[in-house]
Amino acid sequence: MLSAKEPFGSHRAVIHSGCECLPLNKSVPGSQSRQKTQLLWIVVGLLTGFFVAEWSVGLWSHALSLQADAGHILSDVAALGISLLASWLAQKPAAGIATFGHRRVEILAALVNGCSLLAIAALICWEAIHRFQSPEEVLGLPMLAIAAVGLVVNLLNINLLHQHSHHDLNLRGAFLHVVADTASSVGVIIAALAVHFLNWFWADAAVSLLVASLTGLSALPLVGESLKILLEYAPSSIEPSKVEAALKSFPGVLDVEKLHIWTINSGMVMLCADLTVESSTAEQRDRLLRQLQAYLHQEFGILEAILQLTSPNSKAAIPLHPLFNQNLISMLSRTP
C-alpha cells in the first residue's frame, strides 16, 4: 500500500504506490486468462483439421492458392501454439527475478506472429511469380469446395476471437492470422470460379499474390506495436507531456522530474516520476499521493505508478569534493 521511507517530520519522504493501491480488474488474471486459453485451443483444433484437408486437396488439384493458404494455416497453428504457451506463462505469478511476472512473453509471442505473417507473405509472392511464368492446370471444383469450407471455418474463428482481440495484443495477433486466412479463402473461391468457368489458370497465381499482399499489410501494425512495447515507448494513447502538465496542475505539486511511462503488456501501463511537492506533514503527502493515483487511473488508465514525493527544502546542494568544503587558499598556503 503506502510506505514512507523516512520518518515523520523529515525533510524528504519517498512514498511508493503499488498495483494494490488501485482498483485493478480482478477478473484479468483468473477467468479471462482461462477463457483466452480455451478460445485459443478451439481455434487451433479447427485450423489443424482444416489444414490437413486443404493441403491434401491442394496437392491433388495442383492449386497454388490452396497450398499457399494451407501453409499459411500451418504457420497459424504454430503461432497460436506459441500464444498458448505465452498465455500459460502469463498466468504464473511474479516471483524471484521475474518481478513483473511473465506478461511480457505475450508481447514476444505477438512479435513472432507478426514476423511469421511477413515471412509467409514473402514466400507466397515468390511462388506466385513462378506460377505466372509457368502456369499449371488446376482442378476448379475441388478447389472451390475446400475454399468454401475454409471460409466457414475462418468466419467461425473470427466470431470467437473478435470480442477479445481489442484489449489483448496476443489475441489480436491470432485474430489477424484468422482474418488473413479469411481473405485468402475468399480469394481462393474467386480464383476457383475463374478457373472452372473461364479456364483462367493465371487467376490462381494472381489471387495468391493478392492474398500475400493483404497478409503482409495486416502484419505491419502488429509488429510495430510489439516493438514499441519492447522498446518501452509510451503507449500511443498517452502523451507524456499531457501527463506531466496534469500532474503539475495539482495544488501542492511544484515540479515533475524523471517522468517515465511504459507498457508491460497490452493493458498494463506503468508510470514512474519524481515530484517536488509543497506539503509540511506526512498526512498531506499521503492525501496528495492518493489523489494522484486516482487521477492517473481514471484519466489515463495507468494501473500502476511509482511516485517519489520530495519537499523543496530537501533539495540542498550536493556536496562537492572535500577540498571545496574547506578554505582552499589556506590549504595551499599551509607549509608541510
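Analyst: Fine. Let's take Ser185, which sits in helix α5. Keep in mind that this is a predicted model.

User: Is Ser185 buried or exposed?

Analyst: Ser185 is buried: its relative accessible area is 2%, and the cut-off for buried is under 20%.

User: What does Ser185 touch, leaving out residues up to four places away in sequence?

Analyst: With those left out, Ser185 is in contact with Asp69, Ala147, Gly150, Leu151 and Asn154.

User: OK, zoom out. How many helices and strands are there?

Analyst: There are nine helices and three strands. Along the sequence the order is α-α-α-α-α-α-α-β-β-α-β-α.

User: And what share of the protein is buried?

Analyst: Of the 336 residues, 44% are buried.

User: Which residues of the largest nonpolar core touch the most other members?

Analyst: Leu66, Leu80, Met143 and Leu161 do, in a core of 34 residues. Helices α1 (28-61), α2, α4 (140-161), α5 and α6 each give this core at least two residues. The largest share is that of α5, with 10 residues.

User: Pick Leu161. What does Leu161 touch?

Analyst: Not counting residues up to four places away in sequence, Leu161 touches Leu39, Val43, Leu171, Ala174, Phe175 and Val178.

User: What about a second core? Which residues does that one include?

Analyst: The second core is separate and has 22 residues, including Ile261, Leu271, Leu292 and Leu296.

User: Switching to empty space. How does one find it at all?

Analyst: Rolling a probe the size of a water molecule over the atoms shows where empty space is left.

User: How many cavities of 30 Å³ or more does the structure hold?

Analyst: One. The largest cavity has about 40 Å³ of space.

User: Which residues line the largest cavity?

Analyst: The lining consists of Ser65, Ala68, Asp69, Ile124, Ser184, Val188, Val207, Ser208 and Val211. By class, that is five nonpolar, three polar and one charged. Helices α2 (64-90), α5 (169-198) and α6 (202-230) each supply at least two of the lining residues. Asp69 is also one of the residues that Ser185 touches.

User: And the second largest pocket? How much space lies there?

Analyst: About 220 Å³. Its lining is made of Trp55, Leu64, Gln67, Ala68, Gly71, His72, Ala119, Ile120, Leu123, Ile124 and Glu127. Seven of those are nonpolar, three polar and one charged.

User: Which helices each supply at least two residues of that pocket's lining?

Analyst: α2 and α3 (104-133) do. Ala68 and Ile124 are found in the lining of this pocket, and Ala68 and Ile124 also line the largest cavity.

User: Let's move to α7. Which of its residues are buried?

Analyst: In α7, which spans residues 240-248, Val243, Ala246 and Leu247 are buried. Seen down the helix axis, the buried residues fall within an arc of 100°, so they line one face of α7.

User: What covers them?

Analyst: The cover includes β1 (253-265), β2 (268-277) and α8 (282-300).

User: Since β1 came up, where is Glu257, and how far is it from Leu275?

Analyst: Glu257 is in strand β1. Glu257 and Leu275 are 18 residues apart in sequence, and their C-alpha atoms are 6.2 Å apart in space. Glu257 is partly exposed, at 32% relative accessible area.

User: What about the backbone of Lys258? What is its phi?

Analyst: Lys258 has a positive phi of about 50°, although it is not a glycine. Lys258 lies in strand β1 and is exposed, with a relative accessible area of 57%.

User: Last one, Glu232. Where is that, and what is its phi?

Analyst: Glu232 is in the loop between α6 and α7. Its phi is near 60°, a positive value in a residue other than glycine. Glu232 counts as partly exposed, because its relative accessibility is 46% and exposed means over 50%.

Technical notes. Residues numbered from 1 in each chain as written. Predicted model: local features only at pLDDT ≥ 70, side-chain atom pairs only at ≥ 80, totals over all residues. Heavy atoms only, no water. Buried < 20%, exposed > 50% of the residue type's maximum accessible area, 1.4 Å probe, protein only. Helix = DSSP H or I, 4+ residues; strand = E, 2+ residues; numbered from the N terminus. Arc of directions from axis to C-beta. Contact = heavy atoms within 4.5 Å. 1 Å grid on protein atoms, 1.4 Å probe; cavity = no way out; pocket = protein on both sides within 12 Å on 5 of 7 lines; lining within 4 Å. Points joined across faces, edges and corners; volume = space filled by probe spheres on them. Nonpolar A, V, L, I, M, F, W, Y, C, P; charged D, E, K, R; others polar. Core = buried A, V, L, I, M, F, W, Y, C linked by side-chain atoms within 4.5 Å.
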